Amino acid sequence: MDVIYLTKSGVWYSFSAMMKEEIAKAKAEALAKIAEADSVKKLEEARVAILGKKGAFTKVQQGMRDVPPAEKPTVGALLHEARGAVDAALEARLLQLQVMEDEKRVAGIDLTLPAATLPMGGLHPISLVREEAVRILRRMGFSLADGPEIEDEWHCFDALNTPEDHPARNEKDTFYFDSGKLLRTQTSTVQARVMESQAPPVRIICPGSAFRRDAIDATHLSAFNQIEGLYVDREVSVGDLKGTLEYFLKALFGDETAVRFRPHFFPFTEPSFEIDVQLRAAGQAPRWIEIAGCGMVNPAVFENIDSKTGKNLYSGCTGFAFGIGLERLAMIRWGIRDIRLLIENDVRFLAQFH
Ligand code: DAH
């Protein structure tokens with residue numbers, strides 16, 4: 001129809017009139033379409049049909065090209081007003097539809113109900129048993145000491161009277177660094193460090209990690225935790241050692257706990273013992289498991305310390321020492337049959353401890 005109008009006389013006036021009509025029609029149709037859209041998705045489809053590249057309103061806008069210059073201001077203003085109305089209608093309807101859809105989404109949900117509680121974290125069983133063990137021992141008069149996990153051979157072996165050819169010093173059993181340092185195989189290292197730096201009497205405990213090139217099985221890990229203890233004074237006896245450790249184990253596990261001291265060998269104690277406690281795990285017959293090594297400090301250790309410091313503080317002293325496996329304590333405390341559960345970090349397992 002553009003063509004027909006353009007070829008007639010008075011064509012410009014007629015064309016403008018037609019444009020005005022077209023604008024009014026496009027605007028009315030657009031507003032109707034917008035009102036009809038009953039979802040955000042349909043409104044977007046309507047927007048494309050109206051204002052998209054091939055949209056109905058876009059086509060009318062393109063007609064502005066052919067409006068004679070004199071008419072452009074009036075037709076342009078009209079078009080501008082219509083476009084403004086369409087944009088405003090789109091915006092208003094979008095807001096309305098979004099609110100409606102949001103309301104539909106939360107319909108039936110009681111927003112005043114308390115929220116579901118988030119699962120709370122808790123302490124690992126090793127931490128729990130360590131804290132309990134430390135609390136009991138501190139109450140008995142032991143204080144905390146500390147030492148490095150990366151050690152030298154002196155503190156791990158030589159000071160503790162462990163000869164060069166002892167199997168524990170073997171590369172198959174100990175993690176060595178190229179520098180000659182090693183990952184401590186026992187927290188007994190702290191005994192040597194404490195005695196080097198302080199005079200007797202000594203009453204210390206040291207919870208910490210130790211490392212061995214052990215094959216991992218139901219009762220062994222290659223990185224594990226111990227509590228070392230050392231009591232040095234004058235006239236300390238095996239009775240003190242036994243009484244202290246029995247009291248400790250009963251305070252931790254209950255008065256009924258059966259404890260067994262077995263003669264053993266450690267280079268740094270003489271005599272030496274291993275301590276067994278019965279593990280009672282569900283579905284298993286009770287069995288003795290070794291939870292600690294202990295003994296009366298070997299006078300050779302005192303001599304080593306004294307000759308290292310040149311101070312002669314420890315000659316004539318007596319004492320006892322012990323090293324308790326923390327994983328083993330946790331196993332007995334909670335009837336855990338496999339030590340590996342303690343390092344798997346399965347929350348179904350860990351959630352049982354708080
Ligand atoms: N260090 C020993 C171990 O890891 C345990 C031990 C035995 C510690 C006797 C001691 C001790 O202090 O006197 O197997």
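**Close-up views of a predicted model and its ligand**

**Figure 1. Residues around the ligand.** In this predicted model, 15 residues surround the ligand, and the closest are Gln 186, Gln 191, Arg 212, Gln 226 and Glu 228. A residue counts as near a molecule or strand if one of its heavy atoms lies within 4 Å of it. By class, the shell around the ligand holds five nonpolar, eight polar and two charged residues. Here Ala, Val, Leu, Ile, Met, Phe, Trp, Tyr, Cys and Pro count as nonpolar, Asp, Glu, Lys and Arg as charged, and the others, Gly among them, as polar. Residues are numbered from 1 along each chain as its sequence is written.

Figure 2. A nitrogen atom of the ligand lies 2.8 Å from a polar side-chain atom of Gln 186. An oxygen atom of the ligand is 2.9 Å from a polar side-chain atom of Gln 226, and an oxygen atom of the ligand is 3.2 Å from a polar backbone atom of Ala 321. Taken alone, the ligand exposes 350 Å², of which the protein buries 93% (accessible areas come from the Shrake-Rupley method with a 1.4 Å probe).

**Figure 3. Strands in the shell.** The elements that give two or more residues to the shell around the ligand are strand E5 (223-233), strand E8 (287-297) and strand E9 (318-325). Helices (H or I, at least four residues) and strands (E, at least two) are DSSP runs, numbered from the N terminus.

**Figure 4. Two cis peptide bonds.** The peptide bond from Pro 200 to Pro 201 is cis, with omega near 5°. Pro 201 is placed in the loop between helix H8 (189-197) and strand E4 (202-211). Glu 270 and Pro 271 are also joined by a cis peptide bond, with omega about -5°, and Pro 271 is found in strand E7 (residues 269-279).

**Figure 5. A positive phi at Asn 312.** Asn 312 lies in the loop between helix H10 (299-309) and E9. The phi of Asn 312 is near 55°, a positive value in a residue other than glycine. Most residues other than glycine have a negative phi, and most peptide bonds are trans.

Conventions:
Predicted model: local features only at pLDDT ≥ 70, side-chain atom pairs only at ≥ 80, totals over all residues. Heavy atoms only, no water. Polar contact = N/O pair within 3.5 Å; in protein donor to acceptor, adjacent residues only side chain to side chain.
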